[in-house]
Amino acid sequence: MKKKLGLLYGGKSAEHHVSLQTALAVINALEHDKFDIHPIYIAENGEWIKGPLLNGKVESVTSLQFSHGEALPPTALAPTLFQAEQSEGSFDVIFPLLHGPNGEDGTVQGLLELLNLPYVGNGVLASSAGMDKVIMKNIFAQAGLPQVNYVWFIRSEWEHNREKAYGVVEEELGYPCFVKPANLGSSVGISKCSNREELERAFKEAFQFDRKIIIEQGIEAREIELGVLGNDKPQCSVAGEIIPKVEFYDYKAKYEDGNTALIIPAEIAEDEYAMLQELALRAFKALDCSGLVRADFFLTKDGQAYINEVNTMPGFTPFSMFPLLWKHTGVDYPQLIERLVELGLERHEEKQKIKYSF
């Protein structure tokens with residue numbers, strides 16, 4: 001029997017357009033004999049637009065919604081989905097294809113939990129902790145995972161004493177270092193700094209995107225990534241390596257210039273892969289993840305591994321690292337989507353066993 005699948009994408013985030021790329025790829029990869037596909041588009045102004053049932057491939061994931069869809073203010077979405085859930089044609093599962101704040105950070109996941117709707121991917125805790133790089137790194141530290149040194153600031157303390165903030169970075173980390181918004185992905189707002197002048201510019205740039213920023217020590221290392229798939233018994237993909245043709249893997253290198261080589265599988269020793277696999281699974285469990293993550297590592301010449309971060313909703317076009325890792329592991333793109341739907345339904349069924357009253 002077909003599953004009624006709601007695809008939730010767009011979002012009020014700097015990563016809105018990344019989400020559109022993901023949604024277009026997923027819609028055109030889904031098999032219509034297995035799914036009834038219902039798009040739900042969140043415009044950049046926060047408006048929710050419920051689209052029509054899709055019957056085939058599409059060229060745009062925005063124009064069709066506005067042409068034929070039903071516009072809903074954000075406050076009207078919850079009761080609308082709730083009514084659909086209670087009706088005969090209820091959603092079987094929601095697939096949030098959202099990147100960044102207001103989507104990947106646990107907010108939408110919390111809405112779906114309140115509605116008791118099955119959904120794909122990580123839950124509220126893992127999503128919110130994985131979105132905030134400071135919280136994520138603090139949890140990893142508690143779990144004993146190796147990391148490069150880092151410091152962080154909120155905007156108000158930087159504005160109160162900028163010289164002190166710069167001095168802390170120089171004393172505890174030195175140069176080079178990387179300045180990042182704490183709650184953003186896709187390499188938006190990230191700068192590499194080699195001196196005080198660049199550091200000052202980087203602080204101003206990062207604070208445009210978040211009230212909290214993190215600064216990480218720069219090291220000479222390879223960038224290795226693994227995909228993790230599963231719920232209580234997660235498994236790892238083969239490893240892949242990112243080799244930027246520019247100084248570092250920024251937004252333009254990821255999505256615009258193509259100035260990046262992805263090497264899959266990465267040329268690493270078996271013992272190095274085993275070590276990274278063990279660290280990736282520990283990180284997945286430390287955040288109580290479910291469904292999927294992409295775990296990113298630094299690997300030095302002497303074989304030391306440092307976890308950089310996990311991404312709880314990684315780039316998900318057929319040409320993104322996470323799907324490519326699984327393709328080389330033996331799971332092609334349509335199969336990967338179906339497996340994620342199965343995992344979302346599995347986790348929802350498990351949660352229904354929880355007793356909420358005495």
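## Exercises on strands and aromatic pairs

Trp-158 is buried, and Phe-203 is buried as well, where buried stands for under 20% relative accessible area, exposed for over 50% and partly exposed for what lies in between, with a 1.4 Å probe and protein chains only. The model is predicted, so that local features need pLDDT of at least 70 and side-chain atom pairs pLDDT 80 or more, while totals for chains, interfaces and linings use all residues. Residues are numbered from 1 along each chain as its sequence is written, and side-chain values use heavy atoms, with hydrogens and water left out.

**Exercise 1.** Determine the strand order of the open sheet of 5 strands, and explain which strands stand at its edges.

*Solution.* Helices (H or I, at least four residues) and strands (E, at least two) are DSSP runs numbered from the N terminus, and two strands pair if DSSP finds at least two bridges between them. On this basis the order is β12-β11-β10-β13-β14, with antiparallel pairing. Strands β12 (260-263) and β14 (305-311) each have a single partner strand, so one side of each lacks a neighbour in the sheet. From one strand to the next the twist averages 25°. Between β10 (residues 222-230) and β11 (residues 235-244) there are 6 bridges, and Glu-223 has Ile-242 of β11 as its bridge partner. Helix α13 (residues 333-351) lies across β10 and β13 (291-299), at about 55° to β10; axes are lines fitted to C-alpha atoms, for helices over the stretch in contact, and angles run from 0 to 180 degrees between N-to-C directions.

**Exercise 2.** Work out which side chains of strand β6 (residues 150-154) are buried.

*Solution.* In a regular strand the side chains alternate between the two faces of the sheet. Strand β6 runs antiparallel to β9 (residues 212-217), joined by 5 bridges, and the partner of Val-151 in β9 is Ile-215.

**Exercise 3.** Characterise the aromatic pair of Phe-95 and Phe-316.

*Solution.* Rings of Phe, Tyr and Trp (its six-membered ring) pair if their centres lie within 6.5 Å, with planes under 30 degrees apart counted as stacked, over 60 as edge-to-face and the rest as tilted. The whole structure holds 9 aromatic pairs. In the pair of Phe-95 and Phe-316 the centres are 6.2 Å apart and the planes at 65°, which is edge-to-face. Phe-95 belongs to strand β5 (residues 93-97) and Phe-316 to the loop between β14 and α12 (321-329), so the pair ties together parts 221 residues apart in sequence. Phe-95 is buried at 1% relative accessible area, and Phe-316 is buried at 0%.

Technical notes
Contact means heavy atoms within 4.5 Å.
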